[in-house]
Amino acid sequence: MKNTQAFTLIELLVVVLIIGILAAVALPQYQKAVTKSRLSTLKELTESMSQAQERYYLANGSYTLDLDSLDLDWPTPQEITTPSDGVKQYNYPWGYCRLGLDNLHCGSSLADIIYEQYYTHSANSAKGKRLCGANTENSISLQVCKQETGKTTATWTGPSGKDYSISASFFFYD
């Protein structure tokens with residue numbers, strides 16, 4: 001009789017079960033880490049745009065809606081689109097950036113998350129406010145925004161003491 005050494009079907013099933021359990025635990029944590037990393041990149045891009053916008057304002061007395069007018073070493077976009085609001089959107093493989101009338105923001109289509117910063121005195125006195133926005137259907141993005149801002153609700157209190165809310169998925173920093 002030959003003595004063969006091999007795994008039994010039960011042993012293989014146990015290994016597959018253990019790998020499945022580890023994957024179920026590790027995957028959400030990995031996705032959360034990736035989303036945090038994308039948010040960090042968006043924050044850096046938006047902060048750079050904001051500083052360049054303020055330099056432009058000091059030099060010209062007004063803000064610009066054209067990213068090319070800013071003093072930035074910026075990557076060439078894949079495409080520039082103009083949505084119905086008339087503001088240019090600079091599209092990249094990872095997402096997009098926009099200079100609005102009173103704010104600027106970058107968003108990641110890969111993580112369903114945006115980072116936005118206000119730079120002019122808008123109707124709701126949001127100058128200097130920053131927010132993290134998430135797709136309400138993406139629980140990981142919502143968790144990251146809540147954790148990042150330290151908020152559980154999507155409202156902020158303006159200078160007059162009035163509470164403002166843009167959407168249920170935009171969490172303001174203090």
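Trainee: Where is T35 found?
Mentor: T35 is found in helix α1. Bear in mind that this is a predicted model.

Trainee: Buried or exposed?
Mentor: T35 is buried; its relative accessible area is 6%. The cut-off for buried is under 20%, so T35 qualifies.

Trainee: What does the side chain of T35 reach?
Mentor: The backbone oxygen of Q31, at 3.0 Å.

Trainee: And which residues is T35 in contact with, leaving aside neighbours within four places in sequence?
Mentor: A111, I113, I140, S141 and V144. Of these, I140, S141 and V144 are among the buried residues of helix α2.

Trainee: Which other residues of α2 are buried?
Mentor: L142, C145 and T149. Helix α2 spans residues 139-149.

Trainee: What covers those buried residues?
Mentor: The cover includes α1, along with strands β5 (113-118), β6 (130-134) and β9 (170-172).

Trainee: What happens at the start of α2?
Mentor: N138 uses a side-chain oxygen there. That oxygen comes to within 3.1 Å of the backbone nitrogen of I140.

Trainee: And just after α2?
Mentor: G150 follows, with a positive phi of about 75°.

Trainee: Switching to charges. How many salt bridges does a search of the whole structure find?
Mentor: Three. One of them pairs E148 with K43, at 2.6 Å from N to O.

Trainee: Why does that pair tie together separate parts?
Mentor: Because E148 sits in helix α2 and K43 in helix α1, 105 residues apart in sequence. E148 is partly exposed at 32% relative accessible area. K43 is also partly exposed, at 23%.

Trainee: Where does D71 meet R55?
Mentor: In a salt bridge between their side chains, 3.9 Å from N to O. D71 is in the loop between α1 and β1 (79-81) and R55 is in helix α1, so this pair ties parts 16 residues apart. D71 is exposed at 59% relative accessible area, while R55 is partly exposed at 41%.

Trainee: Which residue does D66 meet?
Mentor: K88, in a salt bridge at 3.4 Å, N to O. D66 is partly exposed at 23% relative accessible area, and K88 is partly exposed at 30%.

Trainee: Last topic, the surface. Which residues form the nonpolar patch?
Mentor: L9, I10, L13, V14, I18 and L22. Together they have about 610 Å² of accessible area.

Trainee: Where does I18 lie?
Mentor: In helix α1, residues 9-60. I18 is partly exposed, with 46% relative accessibility.

Conventions:
Residues are numbered from 1 along each chain as its sequence is written. This is a predicted model: local features need pLDDT of at least 70, side-chain atom pairs count only at pLDDT 80 or more; totals for chains, interfaces and linings use all residues. Side-chain values use heavy atoms; hydrogens and water are left out. Patches are made of residues with over 30% relative accessible area and no salt bridge: like charges are joined within 9 Å, nonpolar side chains (Val, Leu, Ile, Met, Phe, Trp, Tyr) within 5 Å. Accessible areas come from the Shrake-Rupley method with a 1.4 Å probe; for residues, only the protein chains shown count as cover. A salt bridge is a side-chain nitrogen of Lys or Arg within 4 Å of a carboxyl oxygen of Asp or Glu. Helices (H or I, at least four residues) and strands (E, at least two) are DSSP runs, numbered from the N terminus. Buried means under 20% relative accessible area, exposed over 50%, partly exposed in between (1.4 Å probe, protein chains only). A polar contact is a pair of N or O atoms within 3.5 Å; within protein, one must be able to donate a hydrogen and the other to accept it, and residues adjacent in sequence count only if both atoms are side-chain atoms. Contact means heavy atoms within 4.5 Å.
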